[in-house]
Amino acid sequence: MPGGPRRERGQIMILFVLVLVVIMGFAALVIDVGVLRNANQNLWNALDAGALAGASQLPDDPAKASSMALQYADLNYPGGLPSSVGASFRCTVGSSGGAHRASDVPSVCDPGLNATWICNATICTAVCFPSEGDACNTVVLASGVTTPYQFGPAIGVDSGTAAVTSAACRGPCGAKPSGPVDLVLIVDRTPSMEDIDVANARAASHAVRLQYDPADQWIAFGMIGPSQGSGSCLTTPAPGLGTANIPSDLRRWVPVGLSGIGAPRNESYTSSGSTLAQSMTCISKSPGTVATDLEDPIPMAAYELLNNGRPGITKGIILMSDGQPNNSVDGGRFTPTYNYCEQANASATAAKDAGIEIFTIGFGLDGSDNLPCLDATGPFAGRRATQLLASMASDSSVDNGCPGTSNDDGDHYFCVPKTDGASANLSKLFKQAANALAGGTRLIQLP
């Protein structure tokens, strides 16, 4: 056709340009999206590392948690962390029927009375403000990274931004505690404990048993005063203090040795038929001739942990008492020249020096029962029972009143009055101490 070939001149160039644009678009899609994904993953890895490091300091030191989170994230991000990264806090508890599990507050964390909870099928979270006195167990790092594209500008896209959020929680975080622990519970059932008080101590002991997992956490059970250590109920009270020789009298003071899957007492203690469960159920009050000995149960518990526990595993003692010591096997009963409090504190110091973490709980020491020590001389002469229990606890604990702020100051000493609701409150404090011992950190997906 006349003029036909001339009309087709230049079309190949147009087609080439169009194809080139498509090729550049695919290059941008493949290469630039890969670059963005790599930058996104680097940021995610850095924020995960930071969140895990920060959560390890919760709930005790939120300021350190924030600084550590940002520091570790920065160390793990190539070229330095974007300035947009910020740290915030949450309270994470279990989900029950689409609502937060109330029994986890405040034993796990406490975002305050007006918290707004967001839940999924397993956990609930609420924004938490340490500056307002909230107890937080989760640190959240969030940021976006903007990545310049290599090929994108050819199609008018210069860069891409990926938003990343990472959260890490310390403690049970809505599930059972995950960190392995060897624990001895020491429960007071001396004559100053009324029957209802013993029942409350029994309920608190069961709360720890049901909170823990026998595959990870082993539990032993100790008494004040001592037990018969044999028979159908291992915790049946002994008629008197008797002796406290290690190890021959171990089972009088720690009637139920370490129990759990693979433990010396190999049993799944969550079963109500387990020896541990039955022994907790049949706790009864000691006879009127048995006074409060806080000196001897500690070395007995320490012996159980150090000789029958697992090497390299966190070891802890939770001791609950409702008064100052006024009796000791070695010191005799009401001997004016024997410094009961000083010797009890010395026993606790020796256990702590051996690497055992001690939590103490004063029960009903909010008024006239908070009596001064009977020590005539020494560092505890004239000091109150609450001051002794705080000194026996780990972590440089202090007595801030009963309850005062003792239960939310981040240390290892707690106090609860013997009032209405004492059972629930005592159980929460037992669980709070047990959770702290098994307080491993883990990454979570926020609901």
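Trainee: Which hand is the crossing where H8 passes H9?

Mentor: In this predicted model, H8 crosses H9 in a right-handed way.

Trainee: What is the angle between helix H8 and helix H9?

Mentor: The angle is about 20°, and the axes lie 9 Å apart. That makes the two helices, H8 and H9, roughly parallel, because angles under 35 degrees count that way.

Trainee: Which residues in H8 and H9 meet?

Mentor: From H8 there are Cys-341, Ala-344, Asn-345, Ala-348 and Lys-352, and they meet Leu-388, Ser-391 and Met-392 of H9. By class, this contact of H8 with H9 has five nonpolar residues, two polar and one charged.

Trainee: New topic. How many disulfides are in the whole structure?

Mentor: A search finds seven. A disulfide is a covalent bond between the sulfur atoms of two cysteines.

Trainee: Where in the chain do Cys-233 and Cys-282 sit?

Mentor: Those two form a disulfide, with sulfur atoms 1.9 Å apart. Cys-233 is in the loop between strand S8 and helix H5, while Cys-282 is in the loop between helix H6 and helix H7. The pair links distant parts of the chain, 49 residues apart.

Trainee: Is Cys-233 buried or exposed?

Mentor: Cys-233 is at 11% relative accessibility, so it counts as buried. Cys-282 is partly exposed at 26%.

Trainee: And which hand is the disulfide of Cys-119 and Cys-124?

Mentor: Right-handed, because the torsion about the S-S bond is about 110°. The link of Cys-169 and Cys-173 is left-handed, with -100°.

Conventions. Residues numbered from 1 in each chain as written. Predicted model: local features only at pLDDT ≥ 70, side-chain atom pairs only at ≥ 80, totals over all residues. Heavy atoms only, no water. Axes fitted to C-alpha atoms, helices over the stretch in contact; angles between N-to-C directions. Helix = DSSP H or I, 4+ residues; strand = E, 2+ residues; numbered from the N terminus. Parallel < 35°, antiparallel > 145°, perpendicular 65-115°, else oblique. Left-handed = near helix turned anticlockwise from the far one by under 90°. Contact = heavy atoms within 4.5 Å. Nonpolar A, V, L, I, M, F, W, Y, C, P; charged D, E, K, R; others polar. Disulfide = S-S within 2.5 Å. Buried < 20%, exposed > 50% of the residue type's maximum accessible area, 1.4 Å probe, protein only.
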